[in-house]
Amino acid sequence: MKADSRTSSRKTMPNIWGEGALFAFSGLDGETDTQSQFVATAGVDGYDLLIHTPTRRLLKLRPADIGEVLIATGDVLLADTAGGEIMMTYAAWHTLIGRLPENRSASVEFVDDGDAHKAELIVRMEPCSDGSTLTITEDCTNGDVIVLLLAADERTWSLAFGKHATEATNRAISAIRLDWQQVVEDRLSVYNKLPELSDPARARLLKKCLSVMKVNTLSAEGSIDHLWSTPDRVPHRAMWLWDSVFHSFAMNRIDPDNAWLFLRSVLETQRSDGMIPHMSKVDGTASPITQPPILAWGVWENYRYTQRRTDLAYALPRLERYMMWILANRDTNRNGLLEWMIEGNPLCRSGESGMDNSPRFDEAVLLDAVDFSSYAAADMMYISLIAEELGDKERSLRWSRQSAAMSAAIHRQLWDEEDGFYYDLAMDGSRSKVMAVSGFMPMLLENMPTARTERLLALLHDPQYFGTPLPVPSTAVSESAFCTDMWRGPVWISTNYLVITGLRKQGKEEEANKLAERTITAVQIWYERYGVIFEYFDAEDKTPPPACSRKGPPLERYDLRRKINTIRDFHWSAALIACMLLDVQTAMNRTAYIRNSTL
């Protein structure tokens, strides 16, 4: 591909090849297959790819010099080396195609990655009559086969997965005949839907966000009948409740029809009793717990883009049944406040809350949870708005009253006047006094007292509590448990987005914009250093994300086979940063318009 080609002219495409970055075929482009686990991540050497099938294999792609990366998305690599350009992309979920430099100063090889103890792996090479070469790796344990085909020109190659050698070989042969330049253009076409930001670095970050969103979007499969989203193709490989809502917020800006499918796919996992599981898989299995109830918010936000009342009519009864299940099953003391399920695992006391190992739950007791109650009260108001939009005033009034009652209970029972903060409440009526980001969630409510907003802002700025170099820590600095382990201190983009949303709801637009700017800047810095968008970040801005703990200290060498460290190319981080970037650009455009109008 020449320097003046269409792809090379994309000056603000992501251009950092970082270890652990996801590389896989997207459901936005066609059929995907999660059960095969044919998903890759960027390796540490050259342009290697670790293939995450049950038996891990390594595609070694090594140019003589690494050159300059021109494009590095979740499904396209294009680099300019001394010997010429190097490229690889996906032809289908099961097949990669690639090109080596003109002077062939690069090698491509497919090998066992040293994990042979997990399966018996047979590797053989077969010459073809046209001068091409097949390298076949066959997993005798799982029965799958991966074929590497190097064409006679020794520049073009394809890598294909199959359930048997014939299937994999046929796929490799078919792919190697494709117009690879057109395939690359097809994979990159979605980026044309984004506005070009005025700052080139931020434009590149926005496209990286879309890349992460794209690679974590999957097609209908098994028990999931529509397009759906996952937090990350590796290691989670499943659909999660509140994650999917956050994903939909950004997808609304690009393709609201697909954003609706993200939401509908979650709604369709609803059990007969109304409960919606926090995690569901394509094989039909699902978890026995739920997750933060923000689905009605997601449905309402999507409606703002589509204006399809049929979607509201579809969602309303399901949202109502889900909320009724929550009210019936998560308010054991019947005081109008909600309690998260508490688990026996000390490393994950409350996966249901989404804040797995937060010190809020260290005592492993039920708590009237300020965040659960706030999410539910806010979502009941969105249910009310949906009912009103559909012309059902009686249902709308019923849900708005329920929302107001829970909001009142939050403000009455969970506010600590002395500390100026909202805490969880133990079953004996005492406040837990663990300061966590959850205490800011009442700002999502309609009837937040102004004086309390000001007191929360004071804590948000105070370096002894939440005023860290990178706000907002998941646990206050003042807590003895504060550290870099997941929800025990690090900053999460999801909760920052919720705090930003709450600030806007309380009329604190300037504060919201400042927090958004600081969040974007931090994510950009770490993206430019590592080439990925991380799951969470050190609030003190000292420890790089890969060195942060994740239910225990990280491994010295990144290896998902042995331990999950801070996840890379995490979907909601990318999606919500995309929302912030687009919101900031909109605000800048609005300011410029007002300024020009007054001249």
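Which helix supplies the largest share of the lining of the largest cavity? That share, 4 residues, comes from helix 8. The views below start there. The model is predicted, so local features are given only at pLDDT of at least 70 and side-chain atom pairs only at pLDDT 80 or more, while totals for chains, interfaces and linings use all residues. Residue numbers run from 1 along each chain as its sequence is written, and side-chain values rest on heavy atoms, without hydrogens or water.

**View 1. The largest cavity, with helix 8 in its lining.** About 80 Å³ of space sits in here. (On a 1 Å grid over the protein atoms alone, a cavity is a set of points where a 1.4 Å probe fits but cannot get out; lining residues have an atom within 4 Å of a point. Points join across faces, edges and corners, and the volume is the space filled by probe spheres set on them.) Look for P293, I294, W297, Y375, A378, D379, Y382, L444, T501 and K505 around the space. Helix 8 and helix 11 each put at least two residues into this lining. (Helices are DSSP runs of H or I, at least four residues, and strands are E runs of at least two, numbered from the N terminus.)

**View 2. The largest pocket.** Here the space comes to about 570 Å³. (A pocket is an open set of points with protein on both sides within 12 Å along at least five of seven lines.) There are 21 lining residues, and R253, R304, Y497, R504 and D583 are the closest to the centre. Two or more residues each come from helix 4 (241-254), helix 6 (295-306), helix 11 (493-505), helix 12 (509-530) and helix 13 (571-598). Helix 13 gives the most, with 6 residues.

**View 3. The W242 and Y375 pair.** The whole structure holds 28 aromatic pairs. (Rings of Phe, Tyr and Trp, the last by its six-membered ring, pair if their centres lie within 6.5 Å; planes under 30 degrees apart are stacked, over 60 edge-to-face and the rest tilted.) In this one the ring centres are 6.2 Å apart and the planes stand at 55 degrees, so the pair of W242 and Y375 is tilted. W242 is in helix 4 and Y375 in helix 8 (residues 370-389), so the two tie together parts 133 residues apart in sequence. W242 is buried at 2% relative accessibility, and Y375 is buried at 3%. (Buried means under 20% relative accessible area, exposed over 50% and partly exposed in between, with a 1.4 Å probe and protein chains only.) Zoom out, and ring pairs link W242 and Y375 into a cluster with F246, F249, W297, Y382, W487, W492, Y497, Y536, F570 and W572.

**View 4. The F440 and F466 pair.** These ring centres lie 4.9 Å apart with planes at 80 degrees, so F440 and F466 pair edge-to-face. F440 is in the loop between strand 21 (425-426) and helix 10 (450-461), and F466 is in the loop between helix 10 and strand 22 (491-492), so the pair ties together parts 26 residues apart in sequence. F440 counts as buried at 1% relative accessible area, and F466 counts as buried at 0% relative accessibility.
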